[in-house]
4 protein chains.
Amino acid sequence: MTTAAILGSSGYSGQETLDRILAHPELELVALGSDSLAGEGAAALDPRLNGNLPRFVTNDEAAAAGADVLFCCLGHEAAAAFEPPDDAIVVDLSGAHRLREAALYPSWYGFEHPAPESLAQWSYALPEHGPVAGRLLANPGCYATAALLALAPLVDAIDPSSVVVDAKSGVSGAGRALKPSSHAGFVLENVSAYRVGTHQHAPELEQELGFPVCFVPHLLPVRRGLLATCYVEPLEDLRPLLEAAYATSPAVRVLPEGLQPELSRVQHTDAAEIALFSDRSTGRAVVVCVIDNLGKGAAGNAVQNANLALGLDETAGLRLTGVLV
Amino acid sequence: MTTAAILGSSGYSGQETLDRILAHPELELVALGSDSLAGEGAAALDPRLNGNLPRFVTNDEAAAAGADVLFCCLGHEAAAAFEPPDDAIVVDLSGAHRLREAALYPSWYGFEHPAPESLAQWSYALPEHGPVAGRLLANPGCYATAALLALAPLVDAIDPSSVVVDAKSGVSGAGRALKPSSHAGFVLENVSAYRVGTHQHAPELEQELGFPVCFVPHLLPVRRGLLATCYVEPLEDLRPLLEAAYATSPAVRVLPEGLQPELSRVQHTDAAEIALFSDRSTGRAVVVCVIDNLGKGAAGNAVQNANLALGLDETAGLRLTGVLV
Amino acid sequence: MTTAAILGSSGYSGQETLDRILAHPELELVALGSDSLAGEGAAALDPRLNGNLPRFVTNDEAAAAGADVLFCCLGHEAAAAFEPPDDAIVVDLSGAHRLREAALYPSWYGFEHPAPESLAQWSYALPEHGPVAGRLLANPGCYATAALLALAPLVDAIDPSSVVVDAKSGVSGAGRALKPSSHAGFVLENVSAYRVGTHQHAPELEQELGFPVCFVPHLLPVRRGLLATCYVEPLEDLRPLLEAAYATSPAVRVLPEGLQPELSRVQHTDAAEIALFSDRSTGRAVVVCVIDNLGKGAAGNAVQNANLALGLDETAGLRLTGVLV
Amino acid sequence: MTTAAILGSSGYSGQETLDRILAHPELELVALGSDSLAGEGAAALDPRLNGNLPRFVTNDEAAAAGADVLFCCLGHEAAAAFEPPDDAIVVDLSGAHRLREAALYPSWYGFEHPAPESLAQWSYALPEHGPVAGRLLANPGCYATAALLALAPLVDAIDPSSVVVDAKSGVSGAGRALKPSSHAGFVLENVSAYRVGTHQHAPELEQELGFPVCFVPHLLPVRRGLLATCYVEPLEDLRPLLEAAYATSPAVRVLPEGLQPELSRVQHTDAAEIALFSDRSTGRAVVVCVIDNLGKGAAGNAVQNANLALGLDETAGLRLTGVLV
């Protein structure tokens, strides 16, 4: 068995990563890190956890537990300060290692990166977008994941200056921390744009696509799931490009013409759905992509990355089957 | 007193129009038309209605009741077939008279317009966008209202080929009729794009703005309210144009820099909120507009139109005050 | 004009009270108290507020502003410590003065009452349940309001030992403060019982009904509105008692047989709906009552109380009309 | 392999049953019955279905396909008219065979039972409540499941005349058919009691508990999940009884004191959670049970029944693991 540890286990992405590890035939969980729960039994996080799971330890202890693979589910700034052990595979679910240019951190993330020279050692790891390489893997942002799944196969077939990404996410995308914008009295019966023109997934998209795009996120009265509506000026027929890109993908479904992506078909899973439409008025192409922000947009992609880095079955531990209503 | 009648009173927009008329100091309701409720008392629609309201009559009877102003809340095709009485002011809340070109109806609305020559007699009536003229007033579509409030003041200051309107609406926008896409099992925990590139408000926007725009509507798990995110390439500073356009408007608030429009501040009202943002990555301007799809997006605008046509106080009967949470 | 001040204006019940005062023909707002917003203009609370409202002052300053009527919208413990001015009418929307027995506060509210001897000066003020008397008025809890509207007319016609009140409330009932149970990630797609058997509205119900009842509150994924399902063993036909109790009430509608109360018909209003059913299996009577927890369950009732205490029209400033969808 | 067929595959419970069969190591699906989809490929139901599933056939054809186990997911009346094949195990997810007394059908279900004499051959099959016996298994109603899991272990320890069951369900409990009460414009921002005192799960509860209970269902703005709050007069300490009843259950968790059942922990699963509380005011016991109405309340229990009848592992194919947020 390969051993795994989680840092920041008590947040949403930490708990979802734990979920995938518990279902994984090849990973054995050896350390559950959480500074707030250190010392408690696993059931303190969730009464469904019992029996033979290890007790919570501090994140430092979990990092030092000698696991073969470490899932880092800390906040951006804590993750940036975290020093990865020498030999483990590390998948960082935060944004701390996604941008190659350290100079971007202050203005987009609000902090000076504490280890700018280390950024070169990390690979941006979206398996559908390029081979997973190296030992230090930066897991993409949830919005970036959806937009890249929709747009990466199309970069040479669209006018780069035309791209608009209007994305809508469930509230779990903002994490378990308490903030006014996560208060149900604000979220229910509402939809709101936020960080318009200044969201930290924008430079991530620019880095991966090779050109800047206009990206605006919105918050939905939904627990899980994310829909990105991507508007592009096409230079050729885009459907063959999308279909070719995902013909053998275990996680991404390109829908037949006329079908709409549905959150319900990807919620609680690690899959994505993509559909392509054409705007009658302007000829623009509209690519719609849905994922579960905690699945393909976080924990599912993280475990998929770990599988590939470890040479395991790419889909081991993932939630990819079923037809729940 | 001025007399009013409603056709199609039992749908959402009919009921909301009734709500505004009941609060109106100058309008007296003389006929409540509804083919499905004809013969019943007003309380059959809603137990809050009692006492001295007229009983429901057929829509034909309501149209013939001699009212000074007729609110037509029928479906598109029924409204197109409706022959307005000779002398009344008619506000049509359907799309039957919004497009000047009859040839557009088959492909955008799915029916041949039965009275193409009559279209020239109707005015498209969004008071903030131009003076309300004539006796036959076509009330704008809800999505078109939000997009026009955001964009109409900017047409000469933006690159027309750049415009994308990504709009999100609560489910009441689809009416009271039962359809799979209005089933709560579909709507809850979901967001879905629909009629991508083919929605009938697109030609309405093109007609009023003078150029085609790429418009995609989405359905939210929300009862009421609509948010339109409009993306444009600005040619100059847009804020002064928006502020000038609505400086004296009783219904439209342009928000100070940094504030986000909120559905909760316009829900159950006939007001709109607009905010302007700039995208750091691409320099695009993002104009966000929120309205209540049944208020400023339907009944509120209809009564505002009637008030102007009748020479009454523009805001009589409207819901424009209060600070409900 | 009569002058009014609000303490705790920035919470939900404070803002809703402000809403009713702004619509009130006889009340003039002279002080907006809020310790967190003191010094700011009214628009700091809500961009709909502008122009000629006073700036925020501290709660102490607002209390000392010499208003004829003071609406106290502070938390329970702060309200208990608050010393009412000598001559003003005070409506306390908290629970600090609802229980006549000071000894009940530690175990039900979690604090020792700081002014136990003062409790005798306050009247529990639910106008439908008894005449509003005195100058110091304790506004009922939202759950207690719904249960009392349903049960108070029936106390002599039911077996007191049989009463169960199962109540369900929207999240605004828990206030604007951030807590895990108000996080939208917890509230959406959920319903949860809370403080089972220990909620502070239970002793309030016992005090007002004259016997203890089994009361359990639940939290809904709803912004506003509260539904109480009350189960009782009837000793006689209960319908005539309910109908007689509310025959002339401006705020409470008893529905005809067969109709269900609907949140949508009372949300954003100060009205209540009550319906009576009979259980075929056991003969129990089921009385269902809906209110808006911020309307009749808080601010609406508070202003109704103030109106009565001031000798004004009982419904002045209230939201009681309209047929919004 | 054991062969399985589904009748009524395109409804919610049919689709969920299909989901469990697809994950089942011992069941092979040989016929997908649906009168509305007959002739179409499996992907017509859901784009996640593809490849080697059989095409849809009529329900009659599916019933005649010779499967070892038949899941009947038809409506009540169609299921009552269905004649089970001679040798197959049949699990009926409708209410057509739950009541032993045919005379109860007209008044509770609204139709005369077409095969009253057949009812004696069916067993009411809730595995936690008694051994699954025979070949014809009537799967319990979703509300009855939750109430029986909470109450069946307690029947001898409570006053039977005291029992009140107040239950709240997500909208999927009402099925995929279009009705006004499933319209999202009705469901959102609402909670409503329905069929008060007349719901068909009441006689089912009476039959299984041995005494009548007062049961009222409510509809929530939630897709999946059901919470039953059960009020009883206890005659002894109930906790040991609950803990003993489910000590070895693979599907039912009795929570430690102080924890609340959460929909999120059972949604999309076939598990149940139960918690016990005591009401300080009246001494009543409050037993709260949550299930997923489509999981333990329908398809999960059906497959569990089939497993037991076939002598397979009780939990094969069920969704019982994971710690999704």
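This is a predicted model: local features need pLDDT of at least 70, side-chain atom pairs count only at pLDDT 80 or more; totals for chains, interfaces and linings use all residues.

Student: OK, then B:D292: buried or exposed, and why?

Tutor: B:D292 counts as buried because its relative accessible area is 0%, and the cut-off is under 20%.

Student: Where is B:D292 found in chain B?

Tutor: In the loop between β14 (285–291) and α10 (295–310) of chain B.

Student: And which side chain does B:D292 join in a polar contact?

Tutor: That of B:R224, in a polar contact of 2.8 Å.

Student: Which other residues does B:D292 touch?

Tutor: Leaving out residues up to four places away in sequence, its contacts include B:G225, B:V266, B:Q267, B:T269, B:A271 and B:G297. B:R224 and B:H268 are in that list as well.

Student: Switching topic. How many residues are in contact between chain B and chain C?

Tutor: 30 residues of chain B, with 30 residues of chain C. The area buried between the two chains is about 2,700 Å², and carbon and sulfur atoms give 63% of it.

Student: Why quote an area at all?

Tutor: The size of an interface is often given as the accessible area lost when the parts come together.

Student: How many salt bridges and polar contacts cross the interface of chain B and chain C?

Tutor: The rule finds zero salt bridges there. For polar contacts it finds nine residue pairs, both residues at pLDDT 80 or more.

Student: Which helix gives the most on the chain B side?

Tutor: α1(B), with seven residues. Both α1 (12–22) and α9 (263–266) of chain B supply at least two residues each to the side that touches chain C. By class, that side has 12 nonpolar, six polar and 12 charged residues.

Student: Which strands does β11(D) pair with?

Tutor: β8 (residues 164–169) of chain D pairs with β11(D) in the antiparallel sense over six bridges, and D:A167 stands opposite D:A228. Seven bridges join β11(D) to β14 (residues 285–291) of chain D, also antiparallel. There, D:L227 stands opposite D:V290.

Notes
Residues are numbered from 1 along each chain as its sequence is written. Chains are lettered from A and ligands numbered from 1 in the order in which they are written. Side-chain values use heavy atoms; hydrogens and water are left out. Contact means heavy atoms within 4.5 Å. Buried area is the accessible area (1.4 Å probe) that two parts lose on being put together, summed over both. A salt bridge is a side-chain nitrogen of Lys or Arg within 4 Å of a carboxyl oxygen of Asp or Glu. A polar contact is a pair of N or O atoms within 3.5 Å; within protein, one must be able to donate a hydrogen and the other to accept it, and residues adjacent in sequence count only if both atoms are side-chain atoms. Helices (H or I, at least four residues) and strands (E, at least two) are DSSP runs, numbered from the N terminus. Ala, Val, Leu, Ile, Met, Phe, Trp, Tyr, Cys and Pro count as nonpolar, Asp, Glu, Lys and Arg as charged, and the others, Gly among them, as polar. Buried means under 20% relative accessible area, exposed over 50%, partly exposed in between (1.4 Å probe, protein chains only). Two strands pair if DSSP finds at least two bridges between them.
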